[in-house]
Amino acid sequence: MINLSNAANAPDHNSAAQAKVVSRLYELTVIYQDRCARADPAAAQEYKTELQRFNSTYPKLQQLLTASPHYATAVSNYKNEVASESNDEKQASTSDECRHMSFLLRSMTDTPEGAQAVKEYVDILSK
């Protein structure tokens with residue numbers, strides 16, 4: 001006889017994967033908008049340009065992100081994290097962080113590996 005009670009109580013791995021994808025994409029596409037607004041103008045503009053390209057290339061991903069039941073949790077979690085940062089932490093490496101996030105967005109938009117990663121994110125969020 002198969003005992004289904006353990007299976008019924010097992011963690012929902014898809015839900016955990018969705019939560020992780022939502023959290024990371026929220027950070028990349030929303031939190032860094034605010035952070036990069038405080039960066040030097042060149043880094044801020046580079047991030048803004050790459051984010052616009054990313055969003056234009058992957059509108060379905062953005063729709064799935066904001067429609068996810070995990071979205072509100074990501075918003076809440078990052079509000080708490082951002083509120084706990086000191087001004088020094090916010091200013092210390094903002095421009096470098098924005099350049100790194102710009103590179104990540106550009107890679108996800110322009111490379112086959114990035115496109116494959118986005119496809120996997122869409123698949124995870126579509127389940």
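## Overall fold

The protein has 8 helices and 0 strands (DSSP runs of H or I with at least four residues, and of E with at least two, numbered from the N terminus). Of its 127 residues, 35% count as buried, meaning under 20% relative accessible area with a 1.4 Å probe and protein chains only.

Residues are numbered from 1 along each chain as its sequence is written. In this predicted model, local features need pLDDT of at least 70 and side-chain atom pairs count only at pLDDT 80 or more, while totals for chains, interfaces and linings use all residues; side-chain values use heavy atoms, without hydrogens and water.

## Helices α3 and α4

Let's turn to a helix pair. Helix α3 (residues 41-57) packs on helix α4 (residues 59-67) at about 90°, with the axes 5 Å apart. That makes α3 roughly perpendicular to α4 (angles of 65 to 115 degrees). Phe-54, Asn-55, Ser-56 and Thr-57 of α3 meet Pro-59, Leu-61 and Gln-62 of α4, where contact means heavy atoms within 4.5 Å.

## The largest pocket

The largest pocket has a volume of about 160 Å³, the space filled by probe spheres set on its grid points. A pocket here is an open set of points on a 1 Å grid where a 1.4 Å probe fits, with protein on both sides within 12 Å along at least five of seven lines; lining residues have an atom within 4 Å of a point.

Helix α2 (13-36) and helix α7 (94-110) each supply at least two lining residues, and α2 gives the most, with 6. Among the lining residues are Arg-24, Glu-27, Tyr-32, Met-101 and Tyr-121.

Conventions:
Axes fitted to C-alpha atoms, helices over the stretch in contact; angles between N-to-C directions. Parallel < 35°, antiparallel > 145°, perpendicular 65-115°, else oblique. Buried < 20%, exposed > 50% of the residue type's maximum accessible area, 1.4 Å probe, protein only.
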